[in-house]
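Please look through the sequence and the model below before reading on, and keep both in view while the text leads you from one part to the next.

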Amino acid sequence: MTTYRTIEVSGTEVFYREAGNRLNPTLLLLHGFPSSSAQYDRLMGHLAARLHVIAPDLPGFGRSRPLTDASTFDRLADVIEAFIDETELQRFAFYMFDFGAPVGFRIAVRRPQAVTGLVLQNGNAYEAGLGPGVQALMPYWRDRAAHEDAVRGFLTLEATRSQYVDGVPDPLAVNPDLWELDQRYLDLPGRDAVMLDLLYDYQSNVAAYPVWHEYLRTHRPPALLPWGEHDAFFPPAGAEAYRQDLPDAEIHLLPTGHFATGTHSPQIAELILAFIGADRSD
């Protein structure tokens, strides 16, 4: 049974969903833009019989309260790190997707011994993986004021829908409730400021890539990459690039787009259960 809670963490409120027995291996799932932990509801249902699964809404997303100051990926990582302490997670694997990847990597660099493995679903850490959807932000990074109106296009219902259906062989197979729920939260008062801050700060992630690569080379976490191969934001070159630092990374290209959980949750769950259940004598 999944439970739904809100707790106070670092002066803000974080909503999270949790399922499974805490005696089982833990998978901490970090969602992407502009979604929430709701994107993992179906996936968690497939995993809960064998894993402990826990998924927070990042500050300013879903049911979690926005930060009182400017939103940056450093600040999101600070809050999620405090959330880890508050919920008494000692050892866990990360599921990192989209915005969740830079949050998770910051925490992994700080707490490498806590991380048992990485599931990277279109969670990028290489310049080779910056597709056209992300490259469209680069003028905004150079001149925020001049390009803010254009970037607001990322916050519309059509843009949210496109993230779910673009690259999907049959868009009619994607539940429209997924993008309509995301948009409901995105349209709440003040959420546009959170998203504009983070879309601008995304450049800090690109600057941090060398630090993350060093973490990967030094600690060699086991890595599973179930990757939507038709993703315009983070194309397959981003998945393949991980082999520069993790030669044993397990890559599975899925015939879908950005939000692979919207079409391939059962398949991703099978891969995760095999991956986390593998014998790792280290």
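A cavity, in the sense used here, is a set of grid points where a 1.4 Å probe fits but cannot get out. The model you are looking at is a predicted one, and by this rule it holds one cavity of 30 Å³ or more. About 100 Å³ of space lies in the largest cavity, and its lining is made up of 13 residues, among which D98, F99, V134, L137 and F233 lie nearest the centre. Two elements, helix 4 (132-135) and helix 9 (191-219), each give two or more residues to this lining. When the lining residues of the largest cavity are sorted by class, nine are nonpolar, three are polar and one is charged.

From the cavity we can turn to the sheet. Eight strands make up an open sheet with mixed pairing, and their order across the sheet is 1-2-4-3-5-6-7-8. At the edges stand strand 1 (3-9) and strand 8 (250-254), each of which pairs on one side only. On average, and with direction ignored, neighbouring strands of this sheet are turned by 20° against each other.

Strand 5 (residues 92-96) and strand 6 (residues 115-120), by contrast, pair in the parallel sense over five bridges, with A93 having G117 in strand 6 as its bridge partner.

Helices lie across these strands as well. Helix 2 (residues 73-86) lies across strand 1, strand 2 (12-19), strand 3 (26-30), strand 4 (52-56) and strand 5, and it runs at about 115° to strand 1. Helix 3 (residues 100-110) lies across strand 3, strand 5 and strand 6, and its direction is at about 150° to strand 5.

Which classes of residue make up the lining of the second largest pocket? Seven of its residues are nonpolar and four are charged, while no polar residue takes part.

Note on methods
Residues numbered from 1 in each chain as written. Predicted model: local features only at pLDDT ≥ 70, side-chain atom pairs only at ≥ 80, totals over all residues. Heavy atoms only, no water. Pairing = 2+ DSSP bridges. Helix = DSSP H or I, 4+ residues; strand = E, 2+ residues; numbered from the N terminus. Axes fitted to C-alpha atoms, helices over the stretch in contact; angles between N-to-C directions. Contact = heavy atoms within 4.5 Å. 1 Å grid on protein atoms, 1.4 Å probe; cavity = no way out; pocket = protein on both sides within 12 Å on 5 of 7 lines; lining within 4 Å. Points joined across faces, edges and corners; volume = space filled by probe spheres on them. Nonpolar A, V, L, I, M, F, W, Y, C, P; charged D, E, K, R; others polar.
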